[in-house]
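My notes follow the structure.

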Amino acid sequence: MNPVPENQQRSLVSRLMDACGGAYSPETRRKYFISGPQWAAAYTGHALFHAPTRPEIGFEEIIRKYAEIGIGFWSSHDTDVIPTAALGTDEQWEIVGRIRQALAKSGLECSMVTAETFHHAVWAAGPAAESQGVREYGKFRVCNTVDIGHELGARFAVYWPGSLGYAVQGAVEETETLRWYAEAINDACEHDIEVTLAKGHATLKHCLEAKPFEPQAEILLPTSDAMLAFIASGLLTHPEMVGLNPEYLHELMWGVAPRAALARALLAGKLFHFDINDGYRLKHDVDIGVGLVNPLDWLNVLILLRSHGYNGPFNLDYKPPRTTSQFGVFEVSFPTAVDRFITLWEMAGEAIADPVIHEATDALKTGGPSVDFRDAEALTRSNRELLTLHELIAHRLVQILLGQHRGRVFVTR
């Protein structure tokens with residue numbers, strides 16, 4: 001193959017993208033509650049050890065590109081779009097007005113807003129620092145984000161206290177820090193109620209997001225289970241308004257099953273919002289596109305969510321690879337991430353309705369012949385052969401993932 005000239009590389013990418021097939025129309029994509037974050041599309045490829053590989057891009061262009069792809073919802077941190085110094089000022093509201101115009105022009109909705117309480121130098125000691133001034137600023141930031149959310153028509157507010165913790169032993173008193181952080185969430189909820197009464201809106205759903213490590217060395221609320229305990233601790237004045245925004249990879253990072261974490265959130269009635277991506281167990285936060293690493297696990301996650309009627313957002317919280325160009329971000333990365341999710345979601349529906357899986361699970365739940373429940377040996381014999389169905393169910397899910405349940409084969413007999 002000859003070298004590909006620079007002016008022919010985009011056409012090659014587009015031609016091979018078409019050759020892949022399997023793409024859904026923008027109209028089909030908009031039927032799903034999939035949100036595109038400002039920060040994901042604006043990611044320039046920078047990291048702790050990496051220089052940027054893509055130019056900066058503004059929210060008007062990102063919203064327009066999302067509309068072309070068929071992503072119907074947009075989400076953002078406050079400072080993704082508003083300079084820190086402009087927060088709470090007339091400049092903020094001028095920018096918010098431009099965002100509203102861009103969303104309306106492209107037919108998108110704002111689904112979620114979130115406050116950046118981890119990046120700026122003011123958060124060096126965290127959003128619940130010893131300094132009362134920093135804590136008051138943290139309260140201002142989350143309340144201001146509530147205002148932005150209502151102005152943009154958002155339904156969800158997310159809080160990731162990434163720097164809530166410490167780097168060295170003895171630096172903070174953990175119970176005091178958690179109480180201070182609860183004060184900020186309480187202020188956000190109280191302010192939300194006030195705004196709701198004034199505007200006649202519904203209150204936002206306030207969602208806590210956990211992460212086991214990064215950027216702090218030790219994090220006080222590292223897991224979704226820790227967040228559930230925090231909500232139920234008695235520190236929150238409106239715990240009914242507060243739920244979870246689990247992130248798939250954040251659960252995987254500490255070595256557990258994301259599906260199990262989601263199940264516990266469902267049982268608690270606290271699964272409000274879900275950040276979707278992919279990655280590797282016990283690694284750092286690589287934020288790979290959904291389904292590129294663990295498609296079988298993702299199928300199982302979506303079976304769980306479909307089975308329990310989850311109807312909240314699926315937020316594409318991933319980073320297009322540094323090797324992907326700015327053109328490729330919207331030509332390949334986001335369309336394929338959306339399409340993999342839709343395919344896995346529809347596969348989950350097939351799995352739920354699959355007669356083989358249905359009969360196998362019914363048989364397992366019914367069990368073998370009735371025996372004395374106090375007789376361990378008899379109980380073992382009664383169910384011994386039925387338990388083989390566990391592996392059969394797993395095999396059937398792989399068949400559905402690969403299309404074998406519809407007769408797809410790779411070797412002729």
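1. Which residues line the largest cavity? They are Thr117, Pro127, Gly138, Val142, Tyr159, Trp160, Tyr181 and Ala184. Helix H7 (132-152) and helix H8 (174-199) each give two or more residues to this lining. Helices (H or I, at least four residues) and strands (E, at least two) are DSSP runs, numbered from the N terminus.

2. This is a predicted model: local features need pLDDT of at least 70, side-chain atom pairs count only at pLDDT 80 or more, and totals for chains, interfaces and linings use all residues. Residues are numbered from 1 along each chain as its sequence is written, and side-chain values use heavy atoms, leaving out hydrogens and water.

3. On a 1 Å grid over the protein atoms alone, a cavity is a set of points where a 1.4 Å probe fits but cannot get out; a pocket is an open set with protein on both sides within 12 Å along at least five of seven lines; lining residues have an atom within 4 Å of a point. Grid points are joined across faces, edges and corners, and a volume is the space filled by probe spheres set on the points.

4. The whole structure holds three cavities of 30 Å³ or more. The largest cavity has about 70 Å³ of space. The second largest cavity has about 50 Å³. Its lining includes Trp74, His77 and Asp78.

5. The second largest pocket has a volume of about 350 Å³. It has 15 lining residues; Ile303, Ser307, Ile352, Ile357 and Thr361 are the closest to its centre. H14 (355-366) gives the most to the lining, with five residues.
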